[in-house]
Amino acid sequence: MQSLTPKTIPGVFRKAQQLQAAGRTSQAEAIYRQILAVAPNLAEAHFQMARIARARSDWAETVDWLQKARSYRPDQPDILGALAEAYLVTDQPKKALRLFELLERRLPKSARVLANKGMALQQIGEFTEARRVLDRALKLEPKSGELLRIIAVGQRFEPGDALVTKMEALWADPSLKDPSRSQLGYALAKAMDDLGAPERAAPYLERANAIQAELHPYDRARRERELEQIKKLAEGLVIPPQEEGDFAPIFVTGMPRSGTTLVEQIIASHSAVEGGGELAIVTPTFWQARGTRDVVEAEWLEAWGARVERMMRSRVTFGRHVTDKSIMTHALLGFAAAAMPSARFVVVTRDPRDQLYSVWRNFFRPGTHRYASNWDSMAHYYAGYLDLLEFWKSRMGDRLHTVAYEDLVADPEPQSRALIAAAGLDWEASCLDFHKNDRQVRTLSVAQVRQPIYKSSTGRWAKLGDALAPLTEALERNGVTLP
């Protein structure tokens with residue numbers, strides 16, 4: 001590369017952008033780093049590094065780069081908006097809210113800003129104010145399926161709700177684009193479920209999921225390669241017994257819609273625990289740091305564990321205990337246990353018929369859960385998940401605690417006591433009053449977790465009859481034994 005000077009940086013920067021646009025992100029990243037070594041105050045380079053980190057779902061690094069970009073360009077709307085959205089994804093809604101309020105003053109007619117502000121308000125439990133803000137956004141973009149889906153997540157529909165009529169009329173509009181129609185379909189399905197007519201949700205869900213499956217197809221072969229790669233990397237892995245230490249994170253994980261939000265909220269209601277939410281640190285840093293190595297040595301694991309701690313402490317203030325309910329941690333349980341000997345691990349299980357139906361009827365950030373829009377893809381992914389879970393159980397012993405969602409809601413106190421004991425903590429009655437905890441929550445369960453434990457979400461599959469037959473058949477084809 002040509003020698004970098006203030007005069008040559010613009011041309012080199014354009015080259016990096018071209019490489020980035022062509023998908024050659026490693027080369028682009030290397031050039032941006034060289035530029036920043038010479039011109040560390042170039043906000044645009046920090047911003048592009050954030051875009052690269054975001055593309056690989058490394059949200060912690062995304063936040064870091066955007067914070068640096070903002071330090072040099074504090075009022076640039078693109079930087080403010082990207083940082084605020086990254087704060088939303090990384091369970092920092094109060095920080096996000098401050099930025100969205102700043103953006104709203106600059107861009108009062110931006111439906112995107114208002115939509116994100118509404119989501120931040122939902123996360124901190126301000127549902128009434130969130131609805132007011134989202135209604136303002138809807139006036140600006142009345143055909144936005146995304147806005148209607150966000151509104152639906154934060155409320156319970158009652159008979160005669162005018163918004164349901166509005167959504168049904170929009171569904172009948174042939175000009176509605178597929179991405180918006182898909183999100184509208186999930187909103188209408190939520191409404192039908194709230195109104196006690198789950199059978200009316202089926203057409204909306206079928207169309208919504210068909211669109212998602214077409215836009216973001218699932219790769220079965222890739223999934224199988226990923227599972228084999230994890231098992232191969234784990235050959236020779238030594239997992240130490242439980243230790244006591246000053247860094248004792250509590251990882252709560254499992255498949256989506258298994259009940260991880262509820263379990264984390266119970267643990268985070270303990271006075272010694274700080275709730276971290278979905279920190280999204282373990283998985284991206286593991287694969288990024290692993291590079292091309294075929295084995296993970298003890299020294300490497302120790303360094304990785306120390307990096308995880310540094311990143312957690314940069315994001316959340318805590319003493320010994322912080323929760324992290326990132327979904328994908330389940331794939332790396334053994335590695336995390338080896339790297340962090342004082343860590344505790346909780347996996348939440350649920351009847352796959354209830355769980356996968358809930359996955360089917362909910363929208364996920366595009367590209368994140370590609371299996372979620374097809375019955376057979378879900379069953380295939382779930383079978384692999386069970387296989388990997390058994391793989392880690394056989395190696396981790398009592399360092400891995402499992403809790404069944406059905407048992408927890410049927411008999412909360414003894415299950416919660418066992419859960420707190422597995423987290424290495426003494427029992428506190430506040431853990432049964434988890435719904436009174438005002439910590440922020442950023443999941444599809446944002447409204448449910450503000451309520452006491454209820455049993456209506458268990459055994460729902462039995463009420464769906466033939467509508468769920470494709471799922472049960474797919475599970476059986478993929479070797480999953482049903483309860």
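Start by selecting Gln212, which sits in helix 12, spanning residues 202–215. Keep in mind as you go that this is a predicted model. Is Gln212 buried or exposed? With a relative accessible area of 9%, Gln212 is buried, because the cut-off for that class is under 20%.

Now show the surroundings of Gln212. Which residues does Gln212 touch, leaving aside its neighbours within four places in sequence? The contacts are Ser182, Tyr186, Phe363 and Ser373. Zoom in on Ser182 in that group: its side chain makes a polar contact with the side chain of Gln212, at 2.9 Å.

Stay with helix 12 and select Arg207 together with Asp178. These two form a salt bridge, and their closest N and O atoms are 3.1 Å apart. Arg207 belongs to helix 12 while Asp178 belongs to helix 11 (residues 178–194), so this bridge ties together parts that are 29 residues apart in sequence. Colour both residues by accessibility if you like: Arg207 is partly exposed at 34% relative accessibility, and Asp178 is partly exposed at 33%.

Next, select Asp387 and Lys231. Their side chains meet in a salt bridge with an N to O distance of 2.3 Å. Here Asp387 is in helix 19 (residues 375–396) and Lys231 in helix 13 (residues 220–233), so the pair ties together parts 156 residues apart in sequence. Asp387 counts as partly exposed, with a relative accessibility of 39%.

Move on to Glu146 and Arg112. This is another salt bridge, in which the closest N and O atoms are 2.8 Å apart. The pair links distant parts of the chain, 34 residues apart: Glu146 lies in helix 9 (residues 145–153) and Arg112 in helix 7 (residues 111–123). How accessible are the two partners? Glu146 is partly exposed with a relative accessible area of 23%, and Arg112 is partly exposed too, at 38%.

For the last stop, select four residues at once: Glu29, Arg33, Arg56 and Glu61. What links them? A network of salt bridges joins these four residues, so display their side chains together to follow the charged pairs, each a Lys or Arg nitrogen within 4 Å of an Asp or Glu carboxyl oxygen.

Technical notes. Residues are numbered from 1 along each chain as its sequence is written. This is a predicted model: local features need pLDDT of at least 70, side-chain atom pairs count only at pLDDT 80 or more; totals for chains, interfaces and linings use all residues. Side-chain values use heavy atoms; hydrogens and water are left out. Helices (H or I, at least four residues) and strands (E, at least two) are DSSP runs, numbered from the N terminus. Buried means under 20% relative accessible area, exposed over 50%, partly exposed in between (1.4 Å probe, protein chains only). A polar contact is a pair of N or O atoms within 3.5 Å; within protein, one must be able to donate a hydrogen and the other to accept it, and residues adjacent in sequence count only if both atoms are side-chain atoms. Contact means heavy atoms within 4.5 Å.
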